[in-house]
Amino acid sequence: MDKIETVLTKQRKTFKDYRHLVITVTKEVCIVNIIKGRLYADKKTMNPIYEPYPTKKEALDRLTGLADELKSKGFTEEPRDVLFQIPEKETYVFDKAKWHYEGDFPQELDTTQAFVSTGMFIMWVIKNDLVSKRSRKEDRAEIELVKQNEMTGAQFYRKNWDGVLSSKELSDEADEFAREYLNIQNDVYTADDFTNVLAAGLPTIYHVEDSIENYQIIEPVIMERYQDWKRRKDSGAASS
């Protein structure tokens, strides 16, 4: 397998716009990878598109044409290393349903109950448009069902995200909030809010019914935590 690549950037006010053009040549096909993104001081975004071509010449013509078009718009070529000077954002896994149903889980309950607590938080995220761009695109139909109260967050969590909530599924702001609120070492959401608001008087948190009515009870609690977090964040930014 052979590779040909070009990196072009254009300086904006607060970031560098970049295009990483790569041709991957195999025995069967030549693939032009067009990776669009932004280089910030502390992070890098990526949005890849893949175009297959039957011959290396056609792929090269496409890459050359793209590079020339970008240069006409003010982009300049840079060494490939410019893309790797900024560390990629660490992926943080907030919860996995299997951590619960493979652990000390009540035997009398269906394993779907392991999705309920985090599902309620996911429902709040969806209703407040705080999912990632990728999820908004890939899960658009089910997101609309959740917003219309025709699907619960737990059902969405199980069907669309395979019972895994990580920073990849969240917007930057929701990710930052969740790293404090759902932190594994200091889980305010599950250990405090969900337990005291919805699971009070029940044998375990897994006995909470997955219902829209229960979501409506926990929703203002999550929102209050979010607004408090946002006030502290904005206050810290203003004083720095």
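Which residues form one aromatic cluster? I looked this up, and the cluster consists of Phe121, Trp124, Phe177, Tyr181, Tyr189, Phe194, Tyr226 and Trp229.

**Ground rules**

I am working from a predicted model, in which local features need pLDDT of at least 70, side-chain atom pairs count only at pLDDT 80 or more, and totals for chains, interfaces and linings use all residues. I number residues from 1 along each chain as its sequence is written, and side-chain values use heavy atoms, with hydrogens and water left out.

**Aromatic pairs**

I searched for ring pairs and found 18 aromatic pairs in the structure. Rings of Phe, Tyr and Trp (its six-membered ring) pair if their centres lie within 6.5 Å; planes under 30 degrees apart count as stacked, over 60 as edge-to-face and the rest as tilted.

I took Phe177 and Tyr226. Their ring centres are 5.4 Å apart and their planes stand at 75°, so I log the pair as edge-to-face. Phe177 is in helix α7 and Tyr226 in helix α9, 49 residues apart, so this pair links distant parts of the chain. Helices (H or I, at least four residues) and strands (E, at least two) are DSSP runs, numbered from the N terminus.

Next came Phe177 with Trp229. Here the centres are 5.5 Å apart and the planes at 50°, so the pair is tilted. Trp229 is also in helix α9, and 52 residues separate Phe177 from Trp229.

Phe177 has 1% relative accessibility, and Trp229 is buried at 5%. Buried means under 20% relative accessible area, exposed over 50%, partly exposed in between (1.4 Å probe, protein chains only).

I also checked for a charge over a ring. The charged end of Arg158 sits over the ring of Phe115, 5.6 Å from its centre. The test asks for NZ of Lys or CZ of Arg within 6 Å of the ring centre and within 35 degrees of the ring normal.

**Cores**

Which residues have the most contacts inside the largest nonpolar core? They are Phe121, Trp124, Leu165 and Tyr189, in a core of 45 residues. A nonpolar core is a set of buried Ala, Val, Leu, Ile, Met, Phe, Trp, Tyr and Cys residues joined through side-chain atoms within 4.5 Å.

I listed the elements that give two or more residues to this core: α3 (116–127), α5 (140–147), α6 (153–160), α7 (172–181), α8 (188–197) and α9 (212–239). Helix α3 gives the most, with eight residues.

Apart from this core lies another, of 14 residues, among them Ile23, Val25, Cys30 and Ile34.

I then followed Tyr189. Leaving aside neighbours within four places in sequence, Tyr189 is in contact (heavy atoms within 4.5 Å) with residues including Phe121, Tyr181, Phe194, Ile218 and Ile222.

**Helix α5**

Glu142, Ile143 and Val146 are buried in α5. Seen down the helix axis, the buried residues fall within an arc of 105°, so they line one face of α5. The arc is that of the directions from the helix axis to the C-beta atoms. Arg140 and Ala141 are exposed on the other side.

What covers the buried residues of α5? The cover includes α3, α4 (133–138) and α6. After α5 comes Asn149, with a positive phi near 60°.

**Salt bridges**

How many salt bridges does a search of the whole structure find? I count 18, each a side-chain nitrogen of Lys or Arg within 4 Å of a carboxyl oxygen of Asp or Glu.

Lys16 and Glu78 meet at 2.7 Å, N to O. Lys16 is in strand β2 (residues 16–25) and Glu78 in strand β5 (residues 76–78), 62 residues apart. Lys16 is partly exposed at 23%, and Glu78 is partly exposed at 24%.

Glu51 bridges to Arg62, with the closest N and O atoms 2.8 Å apart. This pair joins strand β4 (residues 47–53) to helix α1 (residues 56–72). Glu51 is buried at 18%, whereas Arg62 is partly exposed at 29%.

Lys57 bridges to Asp61 at 2.9 Å. These residues are four apart in helix α1, about one helical turn. Lys57 is exposed at 59%, and Asp61 is partly exposed at 44%.

Last entry: salt bridges that share partners join Arg12, Asp17 and Arg19 into one network.
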